[in-house]
Amino acid sequence: MMSLIAKLPQASNFAPLVDHLYDFIFWVSVVSFFIIVGMMGYFVLKYHRKRKAEDSTPYIEGHGPTEFAMAAVLFVLVMVIFAWGWMDYRKMLHSPEKTLEINIIGKQWFWNAEYPNGRKLKDELVVPEGADVKLTMTSADVIHSFYIPDFRIKQDVVPGQFTKLWFKPTKEGEYTAFCAEYCGFDHSRMLARVKVLRPKAFKKWYDNWKDEATQTEGDLTSPIEKGRLVFEAKACNACHTVDGKPLVGPSFLKTYGTKRPLEGGGEILMDENYVRESLMDPQLKISKGYPPAMPTFRGQLTDEEVNHVVAYLKSLSDGIATPAPQARNDMVQGDEESLEEKGEKYFEKFACNACHTVNGEKSVGPSLREIYGTLRPLQGGGSIEVSEKYLKESLINPGQYVVDGFPNLMPSYKHELSEEEIKALVEYIKGI
Amino acid sequence: MEHKNFLQEGGWKSWFVTLDHKKIGVMYLFTTLLFFAIGGIFSTLIRYELWTPEATFAKDLYNKFFTFHGAIMIFMFIIPGIPAALGNIFLPMMIGAKDVAFPRLNLGSYYIFIAGALLAASAIVFGGVDTGWTFYAPYSIKTQTAVILVTMGAFVMGFSSILTGLNFIVTTHKLRCPGMTVYKMPLFIWAIYATAIIQVLATPVIAITLLLLVMERVFQVGIFDASLGGDPILFQHFFWFYSHPAVYIMILPGMGIVSEVIAVFSRKHIFGYKAIAYSSLAIAFISFLVWGHHMFVSGQSAWANFLFSILTMLVAVPTAIKIFNWTATLYKGSIVLKTPMLYALSFIFLFTIGGLTGLFLAAVSVDVHLHDTYFVVAHFHYVMVGGTVIALFAGLHYWWPKIFGRMYSELIGRISWFFIFVGFNMTFLPMFWLGRQGMPRRYATYEPMYEGLHKLATLGSWVLNVGLILMFGGLLWSLFKGKKAGNNPWGGKTLEWHTESPPTVDNFYEIPTITEGPYEYGVKK
Amino acid sequence: MTEHVLPHHFESADQAYQSSKLGLFLFLATEILMFGGLFVAYIVNRALYPEMFREASHHLNVMMGGINTVVLICSSFTMAMAVNSTRLNKNLQAQKMLLLTLFFAACFIVIKYFEYTHKIHEGLLPGGLFKYAGTHHPKMQLYFSLYFLMTGLHGIHVFAGMCLIFWVYLKSRRGDLGESYYTPVELVGLFWHLVDLIWIYLFPLLYLIG
C-alpha cells in the first residue's frame with residue numbers, strides 16, 4: 001500500500017534528473033488542465049440556458065490575436081520541455097571513461113550477468129554504490145528490455161546487436177529490475193534483484209567469489225582468459241596473430257577501439273558490434289588489404305563466447321598482456337568432468353529447469369525424470385519413443401513433436417548450443 | 001406526398017445489396033459496436049486477472065487476452081468506427097449530396113471489412129495469438145500461435161479502410177452542392193477529409209509490413225529475424241510508420257463531432273473555424289513525421305530520438321488550438337446540457353488529460369522511465385476512449401433522432417453518462433501513478449505493492465461496464481419505444497437537419513444551394 | 001454504342017468522370033506506398049550489403065529483363081492507343097489495341113515464368129528455401145527474398161491488369177464505350193501505366209547493379 005502515496009525511491013544519479021523534469025511537466029499540465037476545465041466549467045455554469053436565452057448569444061467568429069498568443073506560449077513551453085528532456089537524455093547516452101562493465105544477456109525468461117572477473121549471476125545484479133556501471137547487453141532470442149524503475153533507466157535488449165546502458169547507483173539497498181518489452185509466456189516473471197553494496201562490501205563480494213559456492217558454474221576463469229581459450233580452440237590464431245604480425249587476417253594487437261580502414265573504401269570503429277558482425281558475417285566489412293577468406297562462426301559460438309572473445313580482443317588494446325594461464329587446479333574443468341556431469345551443469349546454465357523439473361513434478365514442460373526409453377503421447381495423436389534422436393530434436397526443433405498436454409512454447413536452442421553441449425545434455429537427461 | 005424513409009425502403013434482404021450510404025453506415029455502426037462489445041469482454045478478463053498480484057489464468061491465456069483486446073479494439077472497432085459509420089451516413093448529407101462518389105465501392109468496403117474481421121477472429125479458434133497487437137519481431141516470427149490469421153485479417157480490413165478513405169476524399173472534392181465552398185463545409189467534414197487522407201496514405205504501409213511478417217514466418221526471408229541476420233528494429237519502423245498516423249485516424253473524426261455538438265448546444269458560431277479546419281490538416285501532416293517516438297529506447301540512433309521528440313512536441317500546438325477554440329465557443333453561449341453536450345464537454349476534460357500526458361512521453365529522458373509502463377496504457381486510453389469513444393457517444397446521441405427517427409431517453413442518457421465518466425476515470429487515472437511507480441505493461445502478475453491501485457482500476461472497469469450496458473440498452477430501447485423525433489430537434493444549421501428524420505433514400509427532395517456557413521448562430525452586431 | 005446510364009447520385013457525366021479519375025489517382029497513390037515499403041526494405045538492405053547485392057544481381061538474366069522492359073513499354077503504348085481510339089469512337093481499332101496490349105502482357109508473364117523456373121532449378125529461392133549449390137555470399141537468400149517479393153507482387157498486379165484489360169475489351173465489344181463514355185478504358189489505362197512504371201524502377205534496381 002506504500003506505493004499508493006510514497007514516491008518511488010531515487011537510487012541512481014539519473015533519478016533526481018528525471019523526477020525533476022517529470023514534476024515540471026506535471027505542474028505545467030495541472031495548471032493547463034485547471035485553466036481549460038476551469039474555463040469550461042465556469043462558462044457552462046454562467047451561460048447555462050436557464051440564464052442566457054438561446055436567441056441572445058453574440059456572433060463571434062474568433063479572435064486571431066488570442067489564438068496566436070496562446071499557441072505561441074504553448075509552443076515555447078513544449079520546446080522548453082523538449083530541450084530539457086534532450087539534455088538529460090544526452091547524459092544517459094554518454095557514459096564516463098571508467099566504468100565497471102557488466103555483460104548482460106537476456107533470454108526467455110531470465111537475465112544472465114557476467115562480470116569482468118568471470119563471475120556470473122542469474123537474475124541478479126550486484127553493483128557498488130557511487131561507482132559508474134555500464135551494462136553491455138544483448139538478447140539470445142527475442143527483444144527484451146532491461147528496466148530498473150528506482151534508477152529510472154531502461155534500454156531494449158535486442159538479438160544480433162549490443163545495446164548499452166550506464167548509471168551510478170546512489171543509494172545502498174535492494175531494487176528490482178523488470179523486463180519491459182513483452183517477450184512471451186513468462187514476461188511478467190522475468191525479474192532480477194539489483195543489490196547496491198557499499199564500496200568496501202562490494203569489493204569483498206567481487207574479489208572473494210571463488211570461496212563461495214553460490215554460482216551456477218564453478219568456472220573461475222576471467223572472461224578475458226576464456227576469450228583467449230576460445231581464440232585458440234576455434235583456431236582464430238591460424239589466421240590472426242596477437243603480436244602485431246599480419247597473417248591471412250589482420251593482427252589484433254592494439255586494434256580494438258581503433259578505426260579500421262575497409263576494403264572498398266570507408267572505415268569502421270572496431271567495437272563489440274563490429275567484432276560480432278565479423279564473426280557472423282565476415283564477408284560484410286573486410287579489413288583493407290586482406291582477402292575475403294574468413295569463414296562464418298554463426299552457430300558455433302554462443303553469445304557468451306562472443307562476449308569473451310570481445311573481452312580478450314579489448315584486453316590486447318588495454319596494454320594488458322595476454323594473461324598466462326593461471327595455475328588453479330579447477331580452472332579448466334572440462335577435461336575432468338564426464339559428459340553427464342557437464343550436461344547437468346548445462347541444464348541449469350541454460351535454464352532448462354525454468355520449465356522442466358527432474359523430480360517428476362509437472363511444470364510448464366514435462367518433467368524429465370525417467371523418460372528415456374519410454375513412449376510419450378504426442379499432441380495431435382500418435383506417440384514417440386524418447387530416444388537420443390528425439391531428445392536432440394527437441395532441443396533444435398521443439399515444435400516438431402510436442403508432448404500431449406503441454407503447450408507449444410519451448411524455444412529452439414539451435415543457435416545457443418554447440419554439438420558438444422547437446423551431447424552432454426542428452427547424456428544427462430538419459431541418466432535422470 | 002409520403003416518401004418512405006431509408007429504413008423502410010426495400011425489405012430486410014435489401015440491406016445485403018444496398019447502395020445507400022445510410023444503410024451501409026448503419027450496418028457499419030452495429031457491426032463495429034458488436035466488435036466493441038467483444039473487445040470489451042477481453043478487457044474485462046484482463047482486469048479480472050489483475051485483481052490480484054498472482055496469476056489467475058494460465059499465463060499464455062492472459063497474453064492472448066491482451067492481444068485480442070488490442071487487435072479487436074483497434075482494427076475492428078476504433079479505426080473504422082466513426083468514419084465508416086457516422087461518416088458514411090452524414091458526409092453526403094452535410095455537403096448536400098445524394099450519396100458518396102462510389103456507392104458500389106462503399107458496399108464492397110463493408111464486405112471486405114467483414115471478410116477481414118472473420119479471418120482475424122478465426123484465430124480465436126486456432127489457438128489464439130499472443131504477440132500483443134504490435135506483433136514485434138522476432139517474437140512474432142517464432143511464436144507458434146495463429147499470427148498469420150490475425151495479420152492477414154488486419155491486412156484485408158486495411159483495404160476496407162483505404163477504400164472508404166478514397167471514397168470520402170472524392171466525395172468531398174466532387175459532390176459538394178452549389179454554394180458550398182470549402183469554408184462553408186461543417187468542421188466534421190474537414191475532420192473526415194483529413195482522416196481520409198491518412199487512411200489512404202498510411203494504410204498501405206501496414207499492409208506491406210504485415211505481408212512481410214507473414215513472408216518471414218513462412219519463407220524465413222530474413223529481413224526482421226536477427227538469427228538470420230535481419231533487423232528486428234526495422235519491423236518497428238515499418239509498423240509504427242502506419243500505426244502512429246493511425247491514432248490520428250482515430251481521433252480526428254471525434255474532434256469533428258465535438259466541433260458540431262459544441263456549436264449547436266451553445267448556439268454559437270464555432271470559435272476560430274479556419275484554425276480548427278487547418279489544424280486538422282496540420283495534425284494529419286505532422287502525424288507522418290513522429291512514428292519514432294514509440295522507439296526511444298529501442299536502440300535507434302540518438303539523432304532519430306532528437307528529431308522524433310522535437311516533431312512530437314509540434315503536434316501539441318494544433319491540438320491545443322482546437323481545445324482552446326472549443327472552450328472559447330462556450331463563452332457567452334446559451335448552453336444546454338443534453339446528453340450529446342455532456343459527452344462533448346467530457347471529451348474536452350478527458351482528452352486534455354490524455355494530450356497533456358503525451359508531453360511526458362515525448363520528452364526523451366522521462367520516456368526512458370515511462371516507456372512500456374502503465375503510464376503509457378493510461379495515456380492512450382485517455383485519448384482513445386476518453387477522446388474518440390466519448391466523442392462517438394456524443395455523435396451517437398446527437399444524430400440518433402436523425403438516423404432512426406426516435407428520441408433516446410434523456411434520463412437514461414444522463415445516468416449512463418455519469419457511470420461511464422466516473423467509471424472511466426476510476427479505471428485509468430490510477431494507471432498514471434502505477435506507471436510512474438514502475439509497473440510494466442503486459443504483465444499478468446505483479447509486485448504486491450501495486451495491488452491497491454489495480455483493485456481500484458478493476459472496480460472502475462465494472463462501473464464503466466454498467467454505464468455502457470445502460471447506455472446501449474437505452475439506445476436500443478428507444479428504437480422501439482422512443483418518442484418520434486422531428487426533423488430538427490436540436491435546432492442545428494448543418495444540412496442533415498434539413499432532411500426528414502429518418503431521411504428519405506435520396507436525402508434531399510432537391511439539391512440545396514448554400515448561401516451561408518454552417519454555424520450562423522448568434523446576433524450580429 | 002449503348003448509352004451509359006449516369007448513376008443517380010451524379011449531376012452530370014463530367015462530374016462522374018472527374019470523380020472516377022480522382023478516385024483512381026488516389027488508388028494509385030496507395031499502390032505506390034505499398035510498393036514503397038518494399039523499396040525501403042531494398043534500400044536498407046542494399047546499404048548494409050552492397051557487395052552481396054552486386055554479386056546476386058549477376059544471377060539475373062539482363063537480356064530477359066531487358067526484353068520484358070521493352071515489352072511492357074510497348075504494352076503501355078498500345079494501351080494509350082486503345083484509350084485514344086475509344087475517345088475517337090474508333091472502337092474496332094480500340095479492341096485491336098487492347099488485344100495487342102494483352103499479348104504484350106502475356107509475353108511478359110511467359111518470360112517471367114522462364115526466369116522463375118530457372119531460379120527454382122538453381123535453388124535461388126527466397127529465405128529458408130535458398131539452396132544454391134555454388135559459392136555465394138552468406139546473405140544471398142535475402143536478395144532473392146526481395147527479388148521474389150518485389151517481382152512477385154508486381155506480377156500479381158500484371159495479372160490483375162490483364163483481367164481488367166480483358167474486361168474493358170468485352171465492354172468495348174458490347175458497345176458500352178465510345179466518345180461519350182470512356183471512363184473504364186481510361187482508368188484501366190492509368191492503372192496499367194503504373195504497373196509499367198513500377199517495373200521501370202524494378203528493372204535497374206534488380207538487374208543492372210552489377
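Predicted model: local features only at pLDDT ≥ 70, side-chain atom pairs only at ≥ 80, totals over all residues.
In helix H4 of chain A, residues 223-233, Arg228(A) and Glu232(A) are about one helical turn apart, because 4 residues separate them in that helix. Their side chains meet in a salt bridge, with an N to O distance of 2.6 Å.

Asp207(A) and Lys203(A) both belong to helix H3, residues 199-207, where they are 4 residues apart, about one turn of the helix. Their side chains form a salt bridge at 2.8 Å, N to O. Is Lys203(A) buried or exposed? Lys203(A) is exposed, since its relative accessible area is 52%. Asp207(A), with 32% relative accessibility, is classed as partly exposed.

Over all chains, the search of the whole structure returns 29 salt bridges. One pair crosses between chains, from Asp19(A) in helix H1 of chain A, residues 14-46, to Arg436(B) in helix H14 of chain B, residues 410-436. The side chains of Asp19(A) and Arg436(B) meet at 4.0 Å, N to O. Both of these residues are buried. Arg152(A) joins Asp19(A) and Arg436(B) in a network of salt bridges.

That brings me to the interface itself. How many salt bridges are counted between chain B and chain A? The count is 1. Polar contacts across this interface amount to 21 residue pairs, both residues being at pLDDT 80 or more. On the side of chain B that touches chain A, helix H10, residues 302-330, gives the most, with 16 residues. By class, that side of chain B has 55 nonpolar, 29 polar and 16 charged residues. In total, 100 residues of chain B are in contact with 86 residues of chain A. The area buried between the two chains is about 8,300 Å², and carbon and sulfur atoms give 67% of that area.

Let me now turn to the strands of chain A. Strand E5, residues 133-139, runs antiparallel to E8(A), and 5 bridges join the two. Within this pairing, Val133(A) stands opposite Phe167(A) of E8(A). Strand E8, residues 163-167, is mostly covered, with 4 of its 5 residues buried.

Elsewhere in chain A, Val126(A) lies in strand E4, residues 124-128. Val126(A) is buried, because its relative accessible area is 1%, below the 20% cut-off for that class. Beyond its neighbours within four places in sequence, Val126(A) is in contact with several residues, among them Ile102(A), Tyr115(A), Leu197(A) and Trp205(A).

Two further buried residues lie in the other chains. Ser287(B) is found in the loop between helix H9, residues 273-286, and H10 of chain B. With 0% relative accessibility, Ser287(B) counts as buried. Leaving out residues up to four places away in sequence, Ser287(B) touches Ile198(B), His244(B), Pro245(B) and Tyr248(B).

In chain C, Ala105(C) has its place in helix H4, residues 91-122. Ala105(C) is likewise counted as buried, because its relative accessibility is 0%. Which residues does Ala105(C) touch, not counting those up to four places away in sequence? They are Met162(C) and Trp192(C). The C-alpha atoms of Ala105(C) and Leu72(C) are separated by 6.8 Å, although these residues are 33 apart along the chain.

Key:
Residues numbered from 1 in each chain as written. Chains lettered and ligands numbered in written order. Heavy atoms only, no water. Buried < 20%, exposed > 50% of the residue type's maximum accessible area, 1.4 Å probe, protein only. Pairing = 2+ DSSP bridges. Contact = heavy atoms within 4.5 Å. Buried area = accessible area lost by both parts, 1.4 Å probe. Polar contact = N/O pair within 3.5 Å; in protein donor to acceptor, adjacent residues only side chain to side chain. Nonpolar A, V, L, I, M, F, W, Y, C, P; charged D, E, K, R; others polar.
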